[in-house]
Amino acid sequence: MRRLSRNRLAVSGGVVIVLLCLIAIFADLLAPLPYTKTNFGRLNEAPSRDFPLGTDQLGRDMFSRMIYGARVSMLVGLGAQVIVVLIGVPIGALSGYVGGRVDLFLTRFIDVMYAFPRLLFVILVMSMLGAGLTNIFIAIGLTGWVGIARQTRAQVLAIKEKEFVDGARALGAGFNRLLVRHVLPNALTPIVVAVTFGIPEAIFTEAALSFIGVGINPPTPSWGQMVGEGQQYIRSYWHLCVFPSIAIAITMLSFTFFGDGVRDALDPKLK
Amino acid sequence: MFHYALSRVLWLLPTLLAMALVTFLVMHATPGSPLDPVAEGANPLSPEAQKNLAAHYGLDRPLHEQFVIFVTKALQGDFGNSFVYKTRTVREIILDTFPISLLLGSMALALAVVGGLTLGILAAVYQNRTWDYLSVSLATIGVAVPNFVLAVFLIILFSFILPLFPTGGWDSPRNWVLPTVALALAPMGIIARFTRASMLEVIRADYTLTARAKGLGEVPVIFKHALKNAFIPVVTLLGPMFAAVGTGSFFVESIFRVPGMGRFFVLSMTGRDYPMIMAVVLTYGAFLALMNLVVDLLYGVLDPRIRY
């Protein structure tokens, strides 16, 4: 923790992340207008005093939509990781701990999933299931667990041979207790690192899906969707896609800096 | 070596088959059918018409039969007719558009390797100085920021503020610059980060010290002794790199209006164009698997310490 707080980039990344979370939580209070409020008299306006970031094709306030966009990004980024961990960790742990035929089957399966370009698969699943927040969770959950499962399996394989596990087993600890109380807590570090890098990846995935129109359902605003719609009019109305682009860039960079910081702080080799 | 190569080549087929199966299952296990009306809220086709169409495209057969038919035909290079572009075969469309995506991808990859190596070397040689910070920041931006966002910034910078390049199209090499850069930045960042790390390690190695002790100048030490060794771990990155460039091209192609395969990918998915989806997924999959194989074999050639 102390090492993390000494890393200036990681701290500023963390501060931005906290801010984004607060914006997402209090979006209703912060946004000057509801995100669905249209104003057909004032379409595609450039930033002005009335509309600090301009208005979109339907005359909706870009600033308000940007604020609500944070909600989707944060929800997907953090929520999807919960699902990924819930699927990936048990499968990886089981595969590594039980070994034998179960392990062989699971690793083969993981290998096939790895051969699939991930984004391709997510787009496939999304276009088949249809757009929507729940389906994004399903799509990311279905594809994202593979990396975590691999990490967990490798860790469990190494740890289950350690003496303290033997000791616990000799004292009569059962299968579940051994795995949950003794092996998994010691395998936690790389899982934590994988999760911190998984968050920006999930945010990126949502933005990318919404960008091509198979992510979040309109009228719910998502930054990726705003960039996707706005880039068609980039020549005439630059503000439509520039502001959400900046928001995505800042979010992704903050999570990357924070993730790098967490990784370095947890790495015992870097003292 | 030969045995290893052979077994890898033989593994290609089952991997592709598994990919085809997964794609096939995802397509058919989800609600919706290609016989549904394309426009939202449109009247559905009459039951007879649906039945005839299903029979025409073989959609009325049991699933396992459909899959077997698909595989046998695909092995002969026949992917059937597109459901959406009814007058064209999938083969035609892929043969038209894949070369464009390939050209864009290859240019992006070349730029990524050259640029990434240069940045990585500069960063390692001038560690903790301006060059280092510059290239590390550029690499981080490339890695972290999605390519469609980078594309927007590139258009703003180099089409509007400095009107150097057009905002889209594919007619002349001038159109190629921005999409290539947008697509290259992410892999470039990854290569730069890796090159930096592995150069830093190699620069401190004993044999580099020996080379310096012999009285060699800085340039031959870096290029002949250090780079050659630092390059080896970077080669392993090229496999995932191809994947990043391949999937990245959906977005870059759509922003810059490049007539490549990436655009068809999304269109065919939302249109439930089963033959197109299978063909596109398998083309990407086969290409990636092949490239991974080449990279792995190259690795063995480059690094004499590796024996298969």
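Predicted model: local features only at pLDDT ≥ 70, side-chain atom pairs only at ≥ 80, totals over all residues.
Trainee: How are two packed helices described?

Mentor: Two packed helices are described by the angle between their axes together with the distance between those axes.

Trainee: Is the crossing of α12(A) and α5(B) left-handed or right-handed, and which residues make the contact?

Mentor: α12(A) passes α5(B) in a right-handed crossing, and the contact is made by M252(A), L253(A) and T256(A) on the side of α12(A), with T140(B), V143(B) and A144(B) on the side of α5(B). Sorted by class, the contact of α12(A) with α5(B) has four nonpolar and two polar residues, and no charged ones.

Trainee: Where is N128(B) found, and what is its phi?

Mentor: N128(B) is found in the loop between α4 (90-125) and α5 (130-144) of chain B, and although N128(B) is not a glycine, its phi is positive, at about 60°.

Trainee: Why does N128(B) count as exposed?

Mentor: A residue counts as exposed if 12 or fewer other C-beta atoms lie within 10 Å of its own, so N128(B), with 8 C-beta neighbours inside 10 Å, counts as exposed.

Trainee: Where does R257(B) lie, and what is its phi?

Mentor: R257(B) lies in the loop between α9 (218-255) and α10 (261-270) of chain B, and its phi is near 50°, a positive value in a residue other than glycine. Because R257(B) has 15 C-beta neighbours inside 10 Å, R257(B) counts as partly exposed.

Definitions and conventions. Residues numbered from 1 in each chain as written. Chains lettered and ligands numbered in written order. Helix = DSSP H or I, 4+ residues; strand = E, 2+ residues; numbered from the N terminus. Buried ≥ 20, exposed ≤ 12 C-beta atoms within 10 Å, placed from the backbone. Left-handed = near helix turned anticlockwise from the far one by under 90°. Contact = placed C-beta atoms within 7 Å. Nonpolar A, V, L, I, M, F, W, Y, C, P; charged D, E, K, R; others polar.
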